[in-house]
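Open the model in your viewer and keep the selection tool at hand. The stops below go one by one.

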Amino acid sequence: MVPNKQPEIVVAPDLPTLVETAVKRIAARVAKADSTVAICLTGGSTPKPIYQRLATKPYRSELPWHRIHWFWGDERFVPPEDERSNAGMARAAFLDRLRIPHANIHPMPTSAPNAHEAALQYEIELKHFYGADRLDPERPLFDLVLLGLGSDGHTASLFPGGPALSEEHRWVVGIEQAGLAPFVPRVSLTFPALAATREMMFLVSGQDKRGVVERVLSGQDLPAARAHAIGHLVWLMDRGAAPEAYPVSSGEI
Ligand code: 6PG
């Protein structure tokens, strides 16, 4: 499998349609997998209604929850009960509302002494799940990676100008400092680990994101522009976030 150069651009007329489209595509990706499925979740506010929708009909009864393993692309280095916790948000939105085996949920270990140590531990967990220490371009780690887009062009917790952007060997790194204020340390998968997926889906909503989407899709060297997948790359946006040049997608999206 070679890196997919041109992303698929999908523009939903509004947020509710973006949510329906996202859950349909998540279910479709799960249906394509014949055994264990690995999904890497994003944090932030945009995915919350999508996660909540996964816990409702028909998905709550139709998805093979026992076969799906849930990982995170990044985390704020805070306890899971903290309101800034990405794992905490996803648990409240859907994971704790469904009968999912405890062993299928893989939160980042924010009880570690520091973000760097948490990254080392999570890398070991990912390699254990994958069954090897080196990523094989023919055997993706994930079936689906969900990503968001920050107003500064960051994705996961890979921030502009950060050393993590050029990490080629580590799968997970600790981020002690970045431009955002107030900043809590982060733990983030690196681009090579995020790329090891059958499908990478950016989820972007709202007019306030249109400017940065334009910069990323026009190839400006922002972190999100560096994200690629060994499989399929799709940008799923609503009308507010998608630059005018991209019309609302027609037909079944
Ligand atoms: C995080 C995310 C981050 C997020 C963007 C967009 O932990 O904050 O993983 O990369 O996706 O900051 O966040 P919003 O969806 O809230 O705009």
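A charge sits over a ring if NZ of Lys or CZ of Arg is within 6 Å of the ring centre and within 35 degrees of the ring normal. The model is predicted, so to speak of local features pLDDT must be at least 70, side-chain atom pairs count only at pLDDT 80 or more, and totals for chains, interfaces and linings use all residues. Residues are numbered from 1 along each chain as its sequence is written, and side-chain values use heavy atoms, with hydrogens and water left out.

**Charges over rings**

Select Arg139 and Tyr130: the charged end of Arg139 sits over the Tyr130 ring, 3.8 Å from its centre. Next, select Lys127 and Trp171, where the charged end of Lys127 lies over the ring, 5.3 Å from the centre.

**Helix α5**

Select residues 115-130, which make up helix α5. Helices here are DSSP runs of H or I with at least four residues, strands are runs of E with at least two, and both are numbered from the N terminus. The expected span is 1.5 Å times one less than the number of residues; for the 16 residues of α5 that gives 22 Å, and the end C-alpha atoms are 22 Å apart, which agrees.

Show Asn114 at the N-terminal end of α5: it caps the helix, with a side-chain oxygen 3.1 Å from the backbone nitrogen of His116. Just after the helix, Gly131 has a positive phi of about 85°.

Now colour the buried residues of α5 (buried: under 20% relative accessible area, with a 1.4 Å probe and protein chains only). Among them are Tyr122, Glu123, Lys127 and Tyr130. The buried residues of α5 pack against β3, β5, β6 (172-175) and β7 (186-189).

**Aromatic pairs**

Rings of Phe, Tyr and Trp (its six-membered ring) pair if their centres lie within 6.5 Å; planes under 30 degrees apart count as stacked, over 60 as edge-to-face and the rest as tilted. The whole structure holds eight such pairs. Select Phe71 and Phe142, an edge-to-face pair at 5.8 Å centre to centre and 65° between the planes. Phe71 is in strand β3 (residues 68-72) and Phe142 in strand β5 (residues 142-147), so the pair ties together parts 71 residues apart in sequence. Then select Tyr51, Trp65, Trp70 and Phe94, which ring pairs link into a cluster.

**Strand β9**

Finish at residues 232-238, strand β9, where six of the seven residues are buried. Two strands pair if DSSP finds at least two bridges between them. Strand β1 (residues 8-12) pairs with β9 in the parallel sense over five bridges, and Glu8 has Val234 as its bridge partner. Strand β8 (residues 197-204) also runs parallel to β9, joined by six bridges; Phe202 stands opposite Trp235.

Note on methods. Buried < 20%, exposed > 50% of the residue type's maximum accessible area, 1.4 Å probe, protein only. Contact = heavy atoms within 4.5 Å. Polar contact = N/O pair within 3.5 Å; in protein donor to acceptor, adjacent residues only side chain to side chain.
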